[in-house]
Each structure stands twice: as C-alpha cells, then as structure tokens.
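Trainee: Pick one part of this model and look at it closely for me. I would like the charged pairs, and then what surrounds them.

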Amino acid sequence: MLRVYGATTRTDDDIRYELMALQHLQQKGVSVAVPIRRRDGAWFTTIEAPEGLRQQVLFTYAEGREAYLEEGYAERFGRSMAELHN
C-alpha cells in the first residue's frame with residue numbers, strides 16, 4: 001500500500017518517528033502494516049506536487065476489514081488501544 005502524506009501535515013522527522021513506532025509495534029507482536037525501505041535504504045520518497053512537497057511511503061498490506069460499524073467494535077477497539085499502551 002502506498003501512503004502519500006499531505007504537503008503541510010507532517011515534517012520528515014514526524015514521518016520517520018511514525019515509521020519507527022510501527023516497526024517497534026511489529027517487533028512486540030502487534031499486527032500492523034510496516035514500511036518497506038527503498039532500494040537505497042531510505043524510508044520515503046519526496047515528490048513535488050502542485051500544493052508543495054509530499055512524502056510517500058510504501059507499506060506492507062494489512063489484512064482485515066472495516067469493522068467500525070459492527071456491533072462490539074468500540075469494545076474491541078478499546079482493548080486494542082489498551083494492548084498498545086501496555
């Protein structure tokens with residue numbers, strides 16, 4: 001999956017921190033999509049867009065479904081958040 005960040009939403013350091021956090025979660029056994037490094041070892045590519053510079057990151061695919069409308073979703077979400085904090 002390719003994520004393209006907004007031109008003014010995050011700094012390069014913000015994005016690097018997010019990518020490191022996702023890798024940490026994966027190493028702790030949490031099922032998350034993780035970034036895939038470029039061939040040159042960089043985490044993201046900066047592209048020039050009409051609205052300004054934007055970063056793009058390639059991620060592994062995270063299997064699943066959109067479940068936010070299902071019964072019991074809020075409870076499952078809360079448990080997942082508690083697991084992340086632990």
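Mentor: Start with R16 and D13. Both sit in helix α1, three residues apart, which is about one turn of the helix. Helices here are DSSP runs of H or I with at least four residues, strands are E runs of at least two, and both are numbered from the N terminus. This is a predicted model, so local features need pLDDT of at least 70 and side-chain atom pairs pLDDT 80 or more, while totals for chains, interfaces and linings use all residues. Residues are numbered from 1 along each chain as its sequence is written, and side-chain values use heavy atoms, without hydrogens or water.

R16 and D13 form a salt bridge, with their closest N and O atoms 3.1 Å apart. The term means a side-chain nitrogen of Lys or Arg within 4 Å of a carboxyl oxygen of Asp or Glu. D13 counts as exposed, at 57% relative accessibility. R16 is partly exposed, at 35%. The cut-offs are under 20% relative accessible area for buried, over 50% for exposed, and partly exposed in between, with a 1.4 Å probe and protein chains only.

Now move along α1 to E18, which also belongs to that helix. E18 is buried, because its relative accessibility is 16%. Its side chain meets that of R10 in a salt bridge, at 2.4 Å from N to O. R10 is partly exposed, with a relative accessible area of 38%. Set aside neighbours within four places in sequence, and E18 is in contact with R3, Y5 and R10. Contact means heavy atoms within 4.5 Å.

R79 bridges to E75, the closest N and O atoms being 2.5 Å apart. Those two are four residues apart in α2, so about one helical turn separates them. R79 is exposed at 57%, and E75 is partly exposed at 48%. Back at E18, salt bridges with shared partners join R3, R10 and E18 into one network. The whole structure has seven salt bridges.

A pocket is an open set of points on a 1 Å grid over the protein atoms alone, where a 1.4 Å probe fits, with protein on both sides within 12 Å along at least five of seven lines; lining residues have an atom within 4 Å of a point. The lining has 22 residues, and S31, V32, A33, A62 and E63 lie nearest the centre. Elements giving two or more residues are β1 (2-4), α1 (12-27) and α2 (73-85). The most come from α2, with seven. By class, 14 lining residues are nonpolar, four polar and four charged. Nonpolar covers Ala, Val, Leu, Ile, Met, Phe, Trp, Tyr, Cys and Pro; charged covers Asp, Glu, Lys and Arg; the others, Gly among them, are polar.

One more piece, the strands. β2 (residues 45-49) and β3 (residues 52-58) run antiparallel, joined by five bridges. Strands pair if DSSP finds at least two bridges between them. I47 has R54 of β3 as its bridge partner. A hairpin of two residues links β2 to β3.
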